[in-house]
Amino acid sequence: MVYKRNVNEMEWAEMGHGERFHNHRKMLTPLDQTYVPKLGVSLFRLHPGKCSFPFHEHMANDEAILVTRGRGTLRYGDEQVPLSEGDYVHLPAASGNAHHVINTSDEDLEYYCFSSIVLPEVVLYPDSNKIGTMAFKASAKGPRERMVAFLRHEPVDYWEGEKPK
């Protein structure tokens with residue numbers, strides 16, 4: 001059976017943290033299925049002055065952005081890249097450049113974000129000195145459960161935290 005959703009009939013889900021990070025999202029990716037898809041797609045809406053997510057770099061997954069409405073800025077490594085309607089940006093995995101989208105205009109910004117889905121995934125957060133990991137595990141309850149963990153990005157010895165006896 002074909003998996004089909006109409007983005008115009010979907011409700012916006014909200015996610016945010018404080019005044020800076022806030023997005024509205026329509027996730028088209030079928031994560032509620034018993035398999036893990038290889039391609040993710042979401043429509044995002046950012047209000048003026050908001051960031052999509054913390055500044056991050058994926059180690060396993062490419063992302064791409066297609067702007068459908070408004071203007072904003074892509075922070076990519078040390079660059080500030082202007083974005084406007086019709087712009088497409090490819091963000092390769094493990095490029096050495098973290099990224100996030102900021103609505104620097106006075107109107108809403110909307111864009112599609114496409115992502116490969118290679119798991120497990122490791123994500124670096126250079127502004128907050130964290131490393132994130134993500135994977136899915138089988139669940140007796142039905143669809144797979146998402147596992148996410150965040151760690152401080154500080155070197156430790158291989159045996160750190162292991163009890164010798």
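Here are some questions and answers about this predicted model.

Q: What does the C-alpha trace of the chain span along its principal axes?
A: The chain has 165 residues, and 37% of them count as buried. Along the principal axes, the C-alpha trace spans about 60 × 45 × 30 Å.

Q: Which residue is the bridge partner of His 17 in S2?
A: S1 pairs with strand S2 (residues 21-27) in the antiparallel sense, over five bridges. One of the residues with a bridge partner in S2 is His 17. Its partner there is Phe 21.

Q: Why is one side of S7 and of S9 left without a neighbour in the sheet?
A: Three strands form an open antiparallel sheet in the order S7-S6-S9. Strand S7 (79-84) and strand S9 (99-102) stand at its edges, so one side of each lacks a neighbour in the sheet: each has a single partner strand.

Q: Which residue in the turn between S6 and S7 has a positive phi?
A: Strand S6 (residues 71-76) runs antiparallel to S7, and six bridges join them. Among the bridge partners in S7, Leu 83 goes with Gly 72, while Gln 80 goes with Arg 75. The two strands form a hairpin with two residues between them, and the turn residue with a positive phi, about 60 degrees, is Gly 77.

Q: Which element gives the largest share of the largest nonpolar core?
A: The largest nonpolar core has 13 residues, and those with the most contacts inside it are Ile 65, Leu 74, Val 101 and Tyr 111. Two or more residues come from each of strand S3 (39-46), strand S5 (63-69), S6, strand S8 (88-91) and strand S10 (109-116). In soluble globular proteins, nonpolar side chains tend to be buried together. The largest share of this core is three residues, and they come from S10.

Q: Is Val 67 buried or exposed?
A: Val 67 has its place in strand S5. Phe 44 is 23 residues apart from Val 67 in sequence and 9.5 Å apart in space, C-alpha to C-alpha. With a relative accessible area of 3%, which is under the 20% limit, Val 67 is buried.

Q: Which residues lie nearest the centre of the largest pocket?
A: The largest pocket has a volume of about 1100 Å³. Its lining residues divide into 23 nonpolar, 16 polar and eight charged. The lining has 47 residues, and those nearest the centre are Arg 25, Phe 53, His 58, Glu 63 and Arg 146.

Q: What is the volume of the second largest cavity?
A: Searching the whole structure gives two cavities of 30 Å³ or more. The second largest cavity is lined by residues including Glu 57, His 58, Tyr 76 and His 99. Its lining divides into four nonpolar, five polar and one charged. The volume of this second largest cavity is about 30 Å³.

Q: Which peptide bond is cis, with omega near 5 degrees?
A: Look at Pro 120, in the loop between S10 and strand S11 (121-125). The cis bond is the one from Leu 119 to Pro 120.

Q: What is the phi of Ala 94?
A: Ala 94 is found in the loop between S8 and S9. It counts as partly exposed, at 46% relative accessibility. Its phi is positive although Ala 94 is a residue other than glycine, with a value near 50 degrees.

Q: In which loop does Asn 129 lie?
A: Asn 129 is not a glycine, yet it has a positive phi of about 55 degrees. With a relative accessible area of 31%, Asn 129 is partly exposed. It lies in the loop between S11 and strand S12 (130-139).

Key
Residues are numbered from 1 along each chain as its sequence is written. This is a predicted model: local features need pLDDT of at least 70, side-chain atom pairs count only at pLDDT 80 or more; totals for chains, interfaces and linings use all residues. Side-chain values use heavy atoms; hydrogens and water are left out. Two strands pair if DSSP finds at least two bridges between them. Helices (H or I, at least four residues) and strands (E, at least two) are DSSP runs, numbered from the N terminus. On a 1 Å grid over the protein atoms alone, a cavity is a set of points where a 1.4 Å probe fits but cannot get out, and a pocket is an open set with protein on both sides within 12 Å along at least five of seven lines; lining residues have an atom within 4 Å of a point. Grid points are joined across faces, edges and corners, and a volume is the space filled by probe spheres set on the points. Ala, Val, Leu, Ile, Met, Phe, Trp, Tyr, Cys and Pro count as nonpolar, Asp, Glu, Lys and Arg as charged, and the others, Gly among them, as polar. A nonpolar core is a set of buried Ala, Val, Leu, Ile, Met, Phe, Trp, Tyr and Cys residues joined through side-chain atoms within 4.5 Å. Buried means under 20% relative accessible area, exposed over 50%, partly exposed in between (1.4 Å probe, protein chains only).
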